[in-house]
Protein chains: 2
Amino acid sequence: MANHKLDEIDRKILAELQADGRMTNVELAKRVGISAPPCLRRVRTLEEAGFIKGYHAVVDARKLDFEVEVFAMVGLQSQAEADLSRFEAKCRQWSLVRECHMLNGEVDFVLKCVAPDLSTFQSFLTGDLLSTPNVASVKTSLVIRCAKDAPGVPFDVLEARLAREA
Amino acid sequence: MANHKLDEIDRKILAELQADGRMTNVELAKRVGISAPPCLRRVRTLEEAGFIKGYHAVVDARKLDFEVEVFAMVGLQSQAEADLSRFEAKCRQWSLVRECHMLNGEVDFVLKCVAPDLSTFQSFLTGDLLSTPNVASVKTSLVIRCAKDAPGVPFDVLEARLAREA
DNA sequence: AGTGAAAGTACAGCTGA
DNA sequence: TCAGCTGTACTTTCACT
C-alpha cells in the first residue's frame, strides 16, 4: 500500500489535517477544491488505510509544570532481539518516557523524556532506567530550548519529488 | 499562568483531547462529566490561554515513502547567542528537519530529520547541514525502529503529583 | 438534497466568596 | 451582593446517507 494510490487531493487532505487536525470537513473540502461528501469519504478511507494514524491536541507541557525535557542515549549490554524487546516494553510502561527509538551506531536507543522537575527525573534515571538489567550506559542531555517542533511529514518535499518524477 | 487555574475537569479535557484530538464536543463533555456548552467554553479558554497549542493529524511517514528517519547531534564552533539563533533559523527553513532542540553538555543541538531515502538525506547532510558556517561536527544515527511515540504530557504523572500534594 | 446530530449563542439559575 | 460557572433552550452549521 504505497503512495501510488494517493492523488493530489488526497495529499492535500493529509497536509491540511496535519496542519490543523480539528478543521471541519466543509472547510477541508473547500481548501482541497472538492465538495464535502466525497471529501469525507476520502478522509475515512485515509484513516482506514492507515495513512492517518490518529489525531492529537498539542498540550503545552511547561504550562502544566513539566519543566524538564531530556534526551537520553542508552546503550545495552546485549543486543539480542529478546533483550531489545524487553527494554522497549519497559519504555512503553514508563510514563516519563514519551519516545523510544532504536538507533544504529554506538548508541542503541534514544529516549525523549519529560518530568515535572530535575529531582523527579533523577529518581527515574537512577531508580528505573539505570537499575534496569542489561542497561550498560546512559548519557542524558537537558533540553535548553526548542527551536522547532514540526509534526510529521514535510509535504513540500513530497510534492517536489513527485513533480520531478513526472 | 500556571497549573493552579486548572481544575480536574480542565485536566481531563486536556488528557482526552491529547488522546483523541478530533473527538466531538458532546462526546468530550460526556466523558468529563459536564454538559456540552460549558465544555466548549472550557476548550476555547484552554486554547486561548495556550494550554492547547494546536491539533494535528498523525500521518504515516513510511506510507508516504519517507523511509528514513535520522537523529543528528550537532556541535557548533561558536555558542554565542547570535550564532545559536542563526543556526536555529536555518533549521526552521530546512523541511527535512522536523525537530530542533538545544541541549546542554557536549552536543549543542539534536535534530530529528526525515527523508524519502538515504541519498536524499546524505545530500542534505553534506550540501546543507555540514556546509553551514559555524557547524563544527555532526553525528548521525539512523532510526531502526520506533518502540514508542506518545504525544505530549503524561497525565497519570500529573494526577499522581496533585494527589500527593493534596 | 435532506435528515439527524453537533456546534455555537443567549439567557436564566445556582453556588461560593 | 456579585462574580463565575452551569445547564436549558434555541439557531446555525455540519456530518452523513
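This is a predicted model: local features need pLDDT of at least 70, side-chain atom pairs count only at pLDDT 80 or more; totals for chains, interfaces and linings use all residues.
**Exercise 1. Domains of chain A**

Task: State which domains chain A is divided into, and what distance separates their centres.

Solution: Begin with the bounds. Domain 1 of chain A covers residues 3-57, and domain 2 covers residues 61-142. Then take the centres over C-alpha atoms: those of domain 1 and domain 2 of chain A lie 35 Å apart.

**Exercise 2. Extent of the interface**

Task: Determine how many residues each chain brings to the contact and what area is buried between chain A and chain B.

Solution: Count the residues on each side; chain A gives 76 residues and chain B gives 76 residues. Next, consider the area. About 7,200 Å² is buried between the two chains, and carbon and sulfur atoms account for 55% of this area.

**Exercise 3. Polar links and the elements that supply the interface**

Task: Find how many residue pairs are in polar contact across the interface of chain A and chain B, and identify the element that gives the largest share of the side of chain A that touches chain B.

Solution: With both residues at pLDDT 80 or more, 53 residue pairs are in polar contact across this interface. On the side of chain A that touches chain B, the elements that each supply at least two residues include the helices α1 (8-19), α4 (81-93) and α6 (155-165), together with strands such as β1 (52-59) and β2 (68-76). The largest share comes from β5(A), with 10 residues. Sorted by class, this side of chain A has 41 nonpolar, 14 polar and 21 charged residues.

**Exercise 4. Salt bridges**

Solution: One salt bridge is formed by the side chains of Glu99(A) and Lys112(B), at 3.0 Å from N to O. In another, the side chains of Glu106(A) and Lys139(B) meet at 3.8 Å, N to O.

**Exercise 5. Strand pairing**

Task: Describe how β5(A) is joined to strand β3 of chain B.

Solution: Five bridges connect β5(A) with β3 (residues 97-103) of chain B, and the two strands run antiparallel. As an example, Asp149(A) has Glu99(B) as its bridge partner in β3(B).

Methods
Residues are numbered from 1 along each chain as its sequence is written. Chains are lettered from A and ligands numbered from 1 in the order in which they are written. Side-chain values use heavy atoms; hydrogens and water are left out. Domain bounds come from an automatic or database domain assignment. Contact means heavy atoms within 4.5 Å. Buried area is the accessible area (1.4 Å probe) that two parts lose on being put together, summed over both. A salt bridge is a side-chain nitrogen of Lys or Arg within 4 Å of a carboxyl oxygen of Asp or Glu. A polar contact is a pair of N or O atoms within 3.5 Å; within protein, one must be able to donate a hydrogen and the other to accept it, and residues adjacent in sequence count only if both atoms are side-chain atoms. Helices (H or I, at least four residues) and strands (E, at least two) are DSSP runs, numbered from the N terminus. Ala, Val, Leu, Ile, Met, Phe, Trp, Tyr, Cys and Pro count as nonpolar, Asp, Glu, Lys and Arg as charged, and the others, Gly among them, as polar. Two strands pair if DSSP finds at least two bridges between them.
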